[in-house]
Amino acid sequence: MKMLINVPETVVADALRGMAAAHPELAVDVENRVIVRGDAPVAGKVGLVSGGGSGHEPLHGGFVGPGMLSAACPGEVFTSPVPDQMVRAAAAVDSGAGVLFIVKNYTGDVLNFDMAAELAEEEGIRVAKVLVNDDVAVTDSLFTAGRRGTGATLFVEKLAGAAAEEGAPLDRVEAIARQVNENARTFGVALSAVTTPAKGSPTFDLPDGELELGIGIHGEPGRERRAMMTSREIADFAVDAVLEDLRPKGPVLALVNGMGATPLLELYGFNAEVQRVLAERNVTVARTLVGNYVTSLDMAGCSVTLCQVDGELLRLYDAPVETAGLRWGR
């Protein structure tokens, strides 16, 4: 499999060096694997720290900046960062107002962020944690007890980040993050397998002419495999899977997310079908975001995330954000 890399062992370090060169507004510590907004710590502001295995870009490092994360900790590809990274990040962004850890529900991430929270508190940093577990496809997967954390992570980081930017206290920022997670659901579909740099070949077998419904962002198995479906058929299946679980009673944010190798031409076409299904189900869409945001390296496919919002959450979504991967209003 051809990849635009030097050697697998330096993929993450090389990417961090490139990110530092492209975004001088960030403080990128290549050796210690921490990405911090350049003006941190911001006086009186709650710090937001997240992280996870590399390979899901722009999540999480691409969401560091005003209006979103204060810092991110990238692990090796599809591998959790370690507690030392998280503690270093927390110390770099703590202004005395406390730090919120946003954690996707994968066993390694959960264990390491829990340990990091204990270590940070020993250093006098007040820490709260919010777990993201929005994937409705399966319960208990290869790397997870309970539901997986996927596309809703973007909404959690965006809305909680906006609240923190406005000066909300830690308990309020934490409450908003929990509210967003509780009101968000995701369903993903794979059209091809993912290839990691270390393996150099697909991590699972997905025959030509088939797709996987309910795939995880590391290539974890979904609900079922079927013969290839049309965009319209996939939208019907994915949106209904989300709505069966979420049952929104108000307007929603919609994220039509690419898994990494699906072009925008296809994603916008798929979004048209997603919007059709939502209209047929009498669901009001307040805002829509289309693009590759929570990815799985070179996997072809997509996911749909819906998040029910009230006026306050919608205001926080619309608030200015300035990061490498998401920006508006500034």
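**View 1. Buried residues of helix H3 in the predicted model.** In this predicted model, the residues of H3 that are buried are Asp-109, Asn-112, Phe-113, Ala-116, Ala-117 and Ala-120. Viewed down the helix axis, these buried residues fall within an arc of 145 degrees, so they line one face of H3. The elements that cover them include strand E3 (47-54), helix H2 (83-93), strand E5 (99-104) and strand E6 (127-132).

**View 2. The other side of H3, and its length.** Leu-111, Glu-118 and Glu-122 are exposed on the other side of this helix. H3 is made up of 16 residues, 107-122, and spans 23 Å from its first C-alpha to its last, which is close to the 22 Å expected at 1.5 Å a residue. The helix is followed by Gly-124, which has a positive phi near 90 degrees.

**View 3. The interface of domain 1 and domain 2.** The domain assignment of the protein gives domain 1 as residues 8-182 and domain 2 as residues 184-318, and the centres of the two, taken over C-alpha atoms, are separated by 22 Å. Domain 1 contributes 39 residues to the contact, and domain 2 contributes 38 residues. Between the two domains an area of about 3100 Å² is buried, with carbon and sulfur atoms giving 65% of it. Of the area that domain 1 buries against domain 2, 20% is supplied by Phe-78, Val-136 and Phe-155, more than by any other three residues.

**View 4. Salt bridges.** Two salt bridges are found across the interface of domain 1 and domain 2. Arg-147 and Asp-245 form a salt bridge in which the closest N and O atoms are 2.5 Å apart.

Definitions and conventions: Residues are numbered from 1 along each chain as its sequence is written. This is a predicted model: local features need pLDDT of at least 70, side-chain atom pairs count only at pLDDT 80 or more; totals for chains, interfaces and linings use all residues. Side-chain values use heavy atoms; hydrogens and water are left out. Helices (H or I, at least four residues) and strands (E, at least two) are DSSP runs, numbered from the N terminus. The expected span of a helix is 1.5 Å times one less than its number of residues. Buried means under 20% relative accessible area, exposed over 50%, partly exposed in between (1.4 Å probe, protein chains only). The arc is that of the directions from the helix axis to the C-beta atoms. Contact means heavy atoms within 4.5 Å. Domain bounds come from an automatic or database domain assignment. Buried area is the accessible area (1.4 Å probe) that two parts lose on being put together, summed over both. A salt bridge is a side-chain nitrogen of Lys or Arg within 4 Å of a carboxyl oxygen of Asp or Glu.
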